[in-house]
Structure formats: C-alpha cells, structure tokens
Amino acid sequence: MRAFRSGAATTAVPRPTPAIRLEFAQKAFILDDRRRLLLVRKSATDPHHPGRWEVPGGRLEVADDLDLDDHIRREVWEEVGLKIDPGPPFHLWQWFMTDGRPGAGGHPGQVRVVATARLCRPVTLEASVEHQTDDDHLEEPLWVPLTEIERHELIPSLRPVVRAFLRLYPEHL
C-alpha cells in the first residue's frame, strides 16, 4: 500500500492487484491389489504440461458435486473411467496458474488452487479416457508399480505429493 499525507493524518491507498480466484481440487492416488498406482499422461495438446504424467483428479464443481467423495468419484470416472472407493486424504498443497478470465483492468488474473491428495481403492480396473471432457487433455492411463513411479516425468507440482505417497509404502520401494 502507498501512503500519502492529507493534513496531519496519513492515509493508506490500496494499489490495484490482479484478481486471484480460489479453487479446490482433489487428486486420487489409486492403488490396486498388486501395489500399482494409476498414472495418466497429459496429451500433447495440454496447455500446461504436455506429455507429463499425473494422477486423476480435478477441481470441485461447487454447484454440482454433492460432497467431496462425490467430487473425487466424478473426476476419476470422467478422466479414467474407473469406479473408486475414496479413502482418506494424506497431503495438502497448492499451486498458482493464470486465469483464463480477464481480471482487474483487463489484465489476466490468477487462480490459486488448493488441493488434497486422497488414497483411493479401485472398484473397477479397466482404465480408459473415453469419458473425459474436452479440457482434460489426457491420453494414456497406466498402472505403474511403486518402484517405477519416479521414472515417469511427473508434473512438477505433483512430485512432492508422490514422494509423500511413497513414504506411506516404504516396504515396496
């Protein structure tokens, strides 16, 4: 804030700041009975991380998702066509990205995404991207043994989350 003098008092004048919109996301760490984690590759058309690997999940649709379990089930179904049993969260993190909507003064704003990673159990195992929406940009689901996860080029913000996940299963590394 800038301050200016008006007589004897100093008054703070706020500076215009870019708009920051807050969103909530969940990521599903789906582990099968053979101790393999489901990863999914971003397509070449992905605007942020083409060709990199991540886990299924996405942002909450506040008006449509009934609760957080419904939200993670919907995201996993849309992205990889699996039915899951949502489990507990194990990690919380955040990232920032440019907002596609114009912000103050016509400048692009930012989105602050606060996310939680959840352990999930698959109810079905045949992963497919046929149910995805246009903005998912996914092309290849793959069940990966825990010992091979870090060999895949992960989205940078997901790397510490994967390390936290792997610490939960030290006997498999």
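The legends below describe close-up views of one predicted model.

Local features need pLDDT of at least 70, side-chain atom pairs count only at pLDDT 80 or more, and totals for chains, interfaces and linings use all residues. Residues are numbered from 1 along each chain as its sequence is written, and side-chain values use heavy atoms, with hydrogens and water left out.

View 1. Helices (H or I, at least four residues) and strands (E, at least two) are DSSP runs, numbered from the N terminus. From that end, the order of elements is β-β-β-β-β-β-α-β-β-β-α. Of the 173 residues, 39% count as buried, that is, under 20% relative accessible area with a 1.4 Å probe, protein chains only.

**View 2. Strand 4 (residues 36-42) is largely enclosed by the rest of the structure, because 6 of its 7 residues are buried.** Two strands pair if DSSP finds at least two bridges between them. Strand 4 runs antiparallel to strand 9 (residues 138-145), with 7 bridges; here L38 stands opposite W143. Strand 4 also runs antiparallel to strand 5 (residues 53-54), with 2 bridges, and R41 has W53 as its bridge partner there.

**View 3. R118 lies in strand 8 (residues 108-122).** R118 is buried, with a relative accessible area of 7%. The side chains of R118 and D69 are joined by a polar contact of 2.5 Å (a pair of N or O atoms within 3.5 Å; within protein, one must be able to donate a hydrogen and the other to accept it, and residues adjacent in sequence count only if both atoms are side-chain atoms). Leaving aside residues up to four places away in sequence, R118 touches residues including Q26, F29, I72 and F90, where contact means heavy atoms within 4.5 Å.

How values were computed. Buried < 20%, exposed > 50% of the residue type's maximum accessible area, 1.4 Å probe, protein only.
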